[in-house]
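Visitor: I am new to this structure. Could you walk me through it?

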Amino acid sequence: MSTPIDNRALVWAFNQGTYSVTGFAALLDIGADTLEGLLRGNPRPEGIRLSTLLAISEKLGLPLNALFPAPPDSPDPEPEPPRLPDGTGTSSDERGAGSDVVADAEQLIACLYADGRTHTTSTDLATAFEWTLDRLTAAGTEAIRRLAPAGLTLTRSHGEYAIVPTRNHQDAQTALDNRHATERGLTHSHYKAVYQLLQGQNVSVSNSPVQRQRLLGGLANLGIVTNNLDPALTPEALEGLTQ
Amino acid sequence: MEICLTTPASGVAPALLAGRFDPMKGACALFVGPAETQTKLTRKSVAFPVFRSLGKNSSLVGSYTNSTNEYRSFIATWFAAYETKDLVVFNGKVMSHGTLAGLFEYAAPVERVTFVAEPGDLHATQHALRSAGHEAILTDWADLLDRLPVAQSPAPETEPTYNLTHLPVCDFLLFRNRARALNTAERFEAIDADYRRAYSIALTVEPDMYTVIDAMADQCREATSTAQMMVTLRGTQQALLTRGWHLAAHADKTLGTLSSIKPPAPTDADWRALHGYTVTRRPATAALYLLDVPRNALAGVTMSDVDQWLGEHAIGGRLIPPLARVIIRAHYLRRIDEGAQPGDFYLAHNSPTGLVEDLTQARRHTGIPMDGRYLRRDTSHTARPLTRIGLNLRSLT
């Protein structure tokens with residue numbers, strides 16, 4: 001786990017003024033409970049919304065990174081044990097445990113990732129791999145560490161293992177789905193309608209009014225006409241005409 | 001192969017040697033990343049940095065894998081084709097027994113492999129080599145600098161200002177708008193210049209399909225990339241629409257049509273793009289095409305023909321540029337490895353389709369205008385121009 005938020009700057013700013021907790025919270029535009037927690041140093045940085053941190057740093061005139069503690073110095077990774085000159089020295093025996101976890105994590109990620117979104121239970125995994133559950137847990141922890149830079153994580157809830165994105169990208173996914181759903185290729189009739197609009201004529205492409213509305217709706221979805229009821233070419237489409 | 005070991009007195013070794021490597025000059029640099037110490041470094045995983053040291057482009061289709069023996073065996077072919085004299089290995093101390101064995105196997109045609117240790121790492125590197133059973137010759141840093149002269153900075157190439165990746169994939173009605181929205185102002189200006197030219201020409205051209213194609217081909221005569229053809233197509237489509245004509249286009253086939261009626265005019269950038277391939281047959285096919293070997297003679301080229309061309313440095317009086325020579329030589333050596341005799345075919349595709357496919361795929365991936373449509377032996381769809389040539393003109397009124 002990471003260290004708690006560095007609240008010294010915040011506490012100092014609070015002690016400068018004569019604000020009450022609620023008054024100070026109102027100034028910062030955050031909840032009084034949140035502020036109280038922050039002053040006590042309770043929440044960890046990942047538990048606070050970024051907008052809150054931004055509001056605090058903006059109001060107090062602090063750089064955002066002043067709110068995060070400096071990372072502790074991590075020790076250098078252990079050097080590879082030297083081999084014997086004749087090439088018989090065994091590195092795997094000596095560092096066996098460490099590299100096993102790495103190999104296990106690779107295997108776990110590969111199996112779960114190939115499996116897509118299906119949830120697989122820890123029992124199934126351990127049985128299939130002929131591992132103990134302890135070994136599976138260790139491999140899972142290593143897998144989480146390795147997946148983090150890619151924005152993925154391994155969830156282990158109710159004994160089910162799955163690899164999921166760390167953040168919720170649902171909005172982006174919805175936008176992409178909408179685009180796929182509405183953008184279709186245009187047919188000759190569509191171009192005929194566009195030509196008629198260009199000429200200032202009424203659109204007379206289809207005999208059926210319903211078909212005509214659907215045709216114009218398709219063009220409206222693509223952003224070529226303004227709407228299907230009172231169609232006109234959009235500025236985006238008119239930009240293609242250079243004269 | 002000579003194995004040497006050296007170290008600079010101070011400083012960061014790769015920075016001290018910057019600008020001295022160029023596969024074409026026979027000097028390659030292999031960076032073994034520290035990340036690879038964390039996992040098992042094998043002959044397989046070391047193949048990837050070796051491909052990189054040769055300047056291979058892993059994002060080209062057909063160059064993306066190091067996971068089969070077949071692909072890895074191309075490394076030695078390319079080292080031989082480049083006539084590599086020096087392979088300089090940085091951070092070699094992290095390499096294990098197996099990795100070093102793999103490296104020496106790949107680098108068999110190389111004259112000298114020099115391990116460059118950072119100051120202070122000399123003994124660690126020496127130790128790594130000894131554990132793998134190799135004794136390196138300690139050489140002077142100055143000696144290495146002598147062997148690797150600073151490459152003269154090449155004259156700035158006139159690169160095309162935009163390529164296919166800068167063009168929006170959308171309907172031609174919105175093409176100009178999206179191109180503006182998705183590109184920087186300078187880039188859009190370059191795209192728009194071509195677009196406007198095509199637009200204004202198409203406003204006056206006689207609306208007949210073959211006249212339209214001729215007009216487009218005229219504008220693309222000097223094009224060095226398929227991107228310009230695409231912009232020409234979009235401008236033409238838009239202008240014809242305002243005149244009441246719908247020019248339906250299958251973009252990829254249209255690019256093929258326009259490429260096939262244009263004489264090949266390869267640039268240095270094109271040759272460099274072909275150097276990105278790991279496999280040798282596809283760039284070799286493209287190279288012969290670009291050097292104006294008649295298209296229907298491509299499949300019949302034999303090993304002895306190529307031997308003669310390589311000896312004369314020319315094909316039918318047309319000089320082979322050094323960059324192209326390496327590509328042709330690489331496939332020549334490859335075919336010899338495969339046991340080809342002088343009378344055997346050089347390209348040795350299984351069928352004419354394979355040849356067409358290689359040219360088409362290389363056009364799609366590198367953006368070099370080329371096409372083998374006249375080699376296709378299909379008589380179907382002759383009635384449908386959209387299928388045959390990728391274009392169709394219909395009236396909207």
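Predicted model: local features only at pLDDT ≥ 70, side-chain atom pairs only at ≥ 80, totals over all residues.

Guide: Residues are numbered from 1 along each chain as its sequence is written, chains are lettered from A and ligands numbered from 1 in the order in which they are written, and side-chain values use heavy atoms, with hydrogens and water left out.

Visitor: How many helices and strands does chain B have?

Guide: Helices (H or I, at least four residues) and strands (E, at least two) are DSSP runs, numbered from the N terminus. Chain A has 12 helices and 3 strands. For chain B the tally is 18 helices and 9 strands.

Visitor: What percentage of the residues of chain B count as buried?

Guide: Buried means under 20% relative accessible area, exposed over 50%, and partly exposed in between (1.4 Å probe, protein chains only). In chain A, buried residues make up 30% of 243. Chain B has 397 residues, and the buried part is 51%.

Visitor: Why is Cys28(B) classed as it is?

Guide: Take Cys111(A) first. Its relative accessibility is 35%, so Cys111(A) counts as partly exposed. Cys28(B) has a relative accessible area of 1%, so Cys28(B) is buried.

Visitor: How many disulfides does the whole structure have?

Guide: A disulfide is a covalent bond between the sulfur atoms of two cysteines. The test here is a pair of cysteine sulfur atoms within 2.5 Å. Over all chains, the search finds 0.

Visitor: What area do chain B and chain A bury between them?

Guide: Buried area is the accessible area (1.4 Å probe) that two parts lose on being put together, summed over both. Carbon and sulfur atoms hold 55% of it here, and the total is about 2,500 Å².

Visitor: Which three residues supply more of the area that chain B buries against chain A than any other three?

Guide: Together they supply 21% of that area. They are Leu173(B), Leu174(B) and Leu396(B).

Visitor: Which residue forms a salt bridge with Glu239(A)?

Guide: A salt bridge is a side-chain nitrogen of Lys or Arg within 4 Å of a carboxyl oxygen of Asp or Glu. Between chain B and chain A the count is 1. The closest N and O atoms are 2.3 Å apart, and the partner of Glu239(A) is Arg180(B).

Visitor: Which element gives the largest share of the side of chain B that touches chain A?

Guide: Several elements give two or more residues to that side, including helix H6 (122-131) and strand S9 (391-395) of chain B. The largest share is 5 residues, and it comes from H9(B).
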